[in-house]
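Have it open alongside as you read.

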Amino acid sequence: MALPVAEWRDRTARLWAALDPALRERLAAASLHDAVRLGCDLFRTKEEEEAALVQLCRRVSTDKEPAAASRYREQGNREFGRCQYQAALRLYSKVASHELPGSPEVSVCFANRSAALFHLGHFEVCLEDIARAESHGYPDRLLPKVLLRKAECLLCLGRLQDAQGALGVLESKIAMDGLMTSPTHQTLLKKLRQLKVKLHEKQTCPEPAQEARGGIQGKPEIWEENNSISGASSSLSLSFDAERGRHLVASQDIVPGQSLLKEEAFVSVLCPGESLPLPLQDAETAWDTRATNADLYCHHCLSQLLASVPCQGCSYARYCSQACADAAWQQYHRTECSLGALLLTLGVFCHVALRTVLLAGFAEVSRLVGWSHSGDKDLQSPEARGRPLSEAPDAGAGARGIPGCDSNGQYQSSYQALFHLLPHIEQHSPEHKFLCVLSVVAICKQLQAAGLEAAVLNQESPQKWSKPKTCEKTSAELSPELKTVAEAMLRHMLQLQCNAQAITVMQELGPGDGAVVSKKPVRLATAFFPVLSLLNHSCCPNTSVSFSGTAATVRASQPIPSGQEVLHCYGPHQCRMKVAERQQLLSQYFFECRCRACLEELESGVESGVSIRNSFCCPKCRAQMQGEEDTLRCSNEACATSASRENLSCHLQDLRQQIKKALELLRDGKADQAIKMLLKCQMDAGNFLSSEHLLMGEMEDHLAQVYATLGKWQEAARHLKKSIEIVEMHHGPSSVETGHELFKLAQILFNGFAVSEALSTIQRAEGILSVHFGPQSAQIQELQEMKACLSELPRNILQRT
């Protein structure tokens with residue numbers, strides 16, 4: 001959720017409409033500095049708005065709640081008893097986030113989670129949780145069971161000497177506790193004896209060394225960094241003109257797959273996902289147990305979580321390691337910790353704006369905000385953007401006369417470069433600007449009320465895990481320093497509409513333990529990338545962007561001759577959307593797209609194939625249904641059948657619900673029922689959807705998934721090939737989407753022992769995916785391992801297949 005919750009947006013809209021027209025006019029024309037001042041004055045007199053915001057924040061508690069921990073523990077134990085270890089693992093992590101620091105339950109939570117990790121085969125992480133349990137004072141009477149698990153982990157990892165030491169500690173513990181006669185203790189002793197025998201066997205008959213196959217390496221990427229643009233390849237140069245503003249141009253011929261830019265985000269904020277805590281109902285549904293981004297990814301480095309390290313002050317922030325938790329606290333979370341509910345209520349853009357200021361530091365923020373007061377018009381005027389700002393060459397455009405460059409003419413991934421991204425103050429609607437003003441003022445007032453001003457201004461050293469108490473009364477006048485912070489935050493909120501970069505990942509669908517892994521793209525975080533923001537938009541781009549944690553990599557997706565502009569797609573691609581829809585979406589960026597694809601489509605007047613592929617079809621003759629109004633008519637004049645667009649859309653929605661139910665059946669292990677339902681959905685869809693509709697391809701993909709689950713590889717491959725045909729029509733034969741589908745087909749053919757076809761599919765998937773993700777990506781490595789395995793088969797088998 002980029003913007004604040006709907007209720008806050010509605011309240012600010014009503015407040016805007018009720019303002020005196022003269023005040024509305026002043027606010028609409030105000031500079032950032034004046035808008036913040038007016039917003040502070042207005043907010044101070046509107047105590048009912050403050051109270052409403054406090055009420056909204058109470059719906060999204062981020063405090064530690066032992067009652068929630070108890071509920072999650074019960075459900076986690078239930079899932080563990082059903083051998084659903086992945087579900088149990090996620091629930092135990094929720095428990096850890098809600099337990100109060102220092103409570104005896106914390107150690108038990110880590111021990112329980114270590115058991116789930118052990119059953120999932122994550123032995124190294126299991127050992128980490130065992131160490132956490134011990135360091136948090138795990139009960140002495142329960143320690144033997146955890147020590148036994150520790151020894152078994154070490155044994156599984158082949159760390160025989162450490163395993164022997166752990167078993168020795170366990171034996172000493174048992175001897176100190178005296179004779180144990182209960183059935184549980186007897187089971188423990190039996191397991192101990194079994195482990196000692198297993199350890200002895202491994203020590204006397206060591207297993208032969210495994211031949212290392214994981215070392216298959218792709219060709220190293222050629223990389224020579226640019227002298228004047230941080231993170232960019234030497235094959236790029238920075239240019240400026242009045243029409244295109246700052247942009248990147250190829251300074252030499254570039255080939256597909258070549259790396260052009262590697263940039264770490266200046267700031268990134270995890271998107272919480274759709275599953276915020278549910279309203280309290282009865283005991284069974286009091287707490288939301290669904291997994292969201294907040295449960296699955298580190299809130300600092302965005303790496304995938306197995307066993308999260310919780311923040312000591314709030315229940316929301318979770319990290320992949322103590323190192324990430326410490327770094328986050330030092331850099332920004334000590335300030336954000338008590339504001340979690342407010343930040344979730346006011347949206348990701350507000351959160352990114354605050355964190356940007358915290359990371360930059362008040363001294364740098366104050367310097368640039370002060371400089372901008374003398375150069376606001378220059379910053380906003382396209383005609384003046386190329387003019388050197390002699391008033392402050394160290395803070396302004398620099399020697400090249402290009403905003404964001406330093407005095408040496410270098411464009412760095414820095415706060416200075418980020419600050420110079422255009423906020424488009426005059427293009428935003430007055431209502432949107434008003435919403436942003438009130439939101440940033442609300443955050444700064446809360447910072448002041450919670451006693452966090454000194455931390456924001458970097459005037460105090462961070463005290464680890466010292467969380468200030470949140471105050472609800474925030475109507476005091478803001479200090480001049482916090483008004484400066486609010487002004488910078490407002491600037492960044494407005495910049496984000498045009499310069500926010502979504503960090504996306506391919507997320508596994510289902511448990512991820514099948515022979516064929518299905519994935520979907522997920523928006524993981526919102527970030528500022530100052531150098532990546534230099535790339536202008538095209539609906540037919542010549543680059544592809546991929547992410548690893550908080551880092552972005554841009555590669556050429558097609559040949560780029562020297563002198564040609566390097567272009568990035570902001571979302572609406574020509575293969576996925578017709579020109580009118582693309583232009584409507586792009587209006588949020590305050591420009592009219594004049595890229596080659598748009599101009600060709602507008603000038604030709606030919607209807608885009610996208611609209612035909614995604615159209616409804618006539619239930620009688622299967623020709624395309626046409627029309628802009630509610631009533632659609634068959635394009636076949638001899639047929640003349642008509643239908644209501646609303647009815648067809650409802651039919652499509654019902655169809656999607658049926659497909660969702662079929663996938664739920666698959667997750668419940670009812671594959672045969674899932675196949676029947678999907679085949680029925682296919683027949684139904686054929687009556688009113690084009691055969692090339694993307695949903696038709698999705699159903700083929702789902703059928704392939706079900707047949708793969710049953711081990712029916714030929715049938716799975718047949719359906720997936722049909723899916724690939726439709727994906728190629730919608731996204732193009734060299735698109736990343738086609739690459740992912742070919743990767744799945746390679747897995748199916750590999751498992752089905754279709755050697756010759758598997759090898760050719762692997763080669764094609766490699767060619768596409770290496771362009772988008774590079775030769776070192778995990779998917780390329782897996783494809784190469786499959787190829788090596790198939791190539792080592794006896795020649796007579798290769799010839800036969």
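1. Start with strand β2, residues 245-250: six of its six residues are buried, so the rest of the structure largely encloses this strand. Keep in mind that this is a predicted model.

2. Strand β1 (residues 236-241) pairs with β2 in the antiparallel sense, over six bridges. Three residues sit between β1 and β2, and the two strands form a hairpin.

3. Now the helices. Helix α5 (residues 66-81) and helix α6 (residues 85-98) have axes that come within 8 Å and cross at roughly 165 degrees. With angles over 145 degrees counted as roughly antiparallel, that crossing makes α5 roughly antiparallel to α6. The crossing of the two helices is left-handed.

4. Which residues make the contact between α5 and α6? On the α5 side they include Pro66, Tyr72, Arg73 and Phe80, while Tyr85, Leu91, Lys94 and His98 are among them on α6. By class, the residues of this contact divide into 11 nonpolar, four polar and three charged.

5. Leaving aside residues up to four places away in sequence, His731 touches Cys575, Arg576, Leu694 and Glu737.

How values were computed. Residues numbered from 1 in each chain as written. Predicted model: local features only at pLDDT ≥ 70, side-chain atom pairs only at ≥ 80, totals over all residues. Heavy atoms only, no water. Buried < 20%, exposed > 50% of the residue type's maximum accessible area, 1.4 Å probe, protein only. Helix = DSSP H or I, 4+ residues; strand = E, 2+ residues; numbered from the N terminus. Pairing = 2+ DSSP bridges. Axes fitted to C-alpha atoms, helices over the stretch in contact; angles between N-to-C directions. Parallel < 35°, antiparallel > 145°, perpendicular 65-115°, else oblique. Left-handed = near helix turned anticlockwise from the far one by under 90°. Contact = heavy atoms within 4.5 Å. Nonpolar A, V, L, I, M, F, W, Y, C, P; charged D, E, K, R; others polar.
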